[in-house]
Amino acid sequence: MRLPAVETPAQRLDVLNTLHYRPELFGRPYSDVMELAMRGPSPWTAGERELFAAFVSAQNQCPF
């Protein structure tokens with residue numbers, strides 16, 4: 001099954017708005033945790049982790 005690409009400029013802004021909403025929570029701390037989860041030491045490759053994240057987003061009907 002192939003998911004359609006639905007990213008629009010407005011959706012990209014939604015992500016940025018979330019990161020800037022409360023920078024003490026969603027800014028650098030959130031970005032650091034995501035970087036560790038997605039690129040830190042793991043038995044899974046970065047591509048596999050991206051695939052897991054995409055699957056979970058699709059299950060949650062999250063457009064980005």
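Author: Asp 32 and Arg 28 are both residues of helix H3, and they sit four residues apart, about one turn of the helix. Their side chains meet in a salt bridge, with a distance of 3.2 Å from N to O. Asp 32 has a relative accessibility of 41% and so counts as partly exposed. For Arg 28 the value is 58%, and because exposed means over 50%, Arg 28 counts as exposed.

All of this is read from a predicted model, not from an experiment. In that model the chain has four helices and zero strands, and along the sequence the pattern is α-α-α-α. Of the 64 residues in the chain, 8% are buried.

Helix H3 also holds Tyr 30. Tyr 30 is partly exposed, at a relative accessible area of 40%. Leaving aside residues up to four places away in sequence, Tyr 30 touches Leu 19 and Leu 25. With Leu 19, which is eleven residues away along the chain, the separation between C-alpha atoms is 8.0 Å.

Now the meeting of the two helices. Helix H3 covers residues 28-39 and helix H4 covers residues 46-59; they pack with their axes 8 Å apart, at an angle of about 120 degrees. On the H3 side the contact is made by Leu 36, Ala 37, Met 38 and Arg 39, and on the H4 side by Ala 46, Arg 49, Glu 50 and Ala 53. Sorted by class, this contact has five nonpolar and three charged residues, and no polar ones.

Two of the contact residues, Arg 39 and Glu 50, also form a salt bridge, in which the closest N and O atoms are 3.0 Å apart. Arg 39 belongs to helix H3 and Glu 50 to helix H4, so this pair ties together parts that are eleven residues apart in sequence. Both partners are partly exposed: Arg 39 has a relative accessible area of 44%, and Glu 50 has one of 36%. A search of the whole structure finds two salt bridges.

What about aromatic rings? The search of the whole structure finds one aromatic pair. It is formed by Trp 44 and Phe 52, whose ring centres are 5.1 Å apart and whose planes are at 80 degrees; because planes over 60 degrees apart count as edge-to-face, the pair is edge-to-face. Trp 44 is partly exposed, with 47% relative accessible area. Phe 52 is partly exposed as well, with 39%.

Technical notes:
Residues are numbered from 1 along each chain as its sequence is written. This is a predicted model: local features need pLDDT of at least 70, side-chain atom pairs count only at pLDDT 80 or more; totals for chains, interfaces and linings use all residues. Side-chain values use heavy atoms; hydrogens and water are left out. Axes are lines fitted to C-alpha atoms, for helices over the stretch in contact, and angles run from 0 to 180 degrees between N-to-C directions. Contact means heavy atoms within 4.5 Å. Ala, Val, Leu, Ile, Met, Phe, Trp, Tyr, Cys and Pro count as nonpolar, Asp, Glu, Lys and Arg as charged, and the others, Gly among them, as polar. A salt bridge is a side-chain nitrogen of Lys or Arg within 4 Å of a carboxyl oxygen of Asp or Glu. Buried means under 20% relative accessible area, exposed over 50%, partly exposed in between (1.4 Å probe, protein chains only). Rings of Phe, Tyr and Trp (its six-membered ring) pair if their centres lie within 6.5 Å; planes under 30 degrees apart count as stacked, over 60 as edge-to-face and the rest as tilted.
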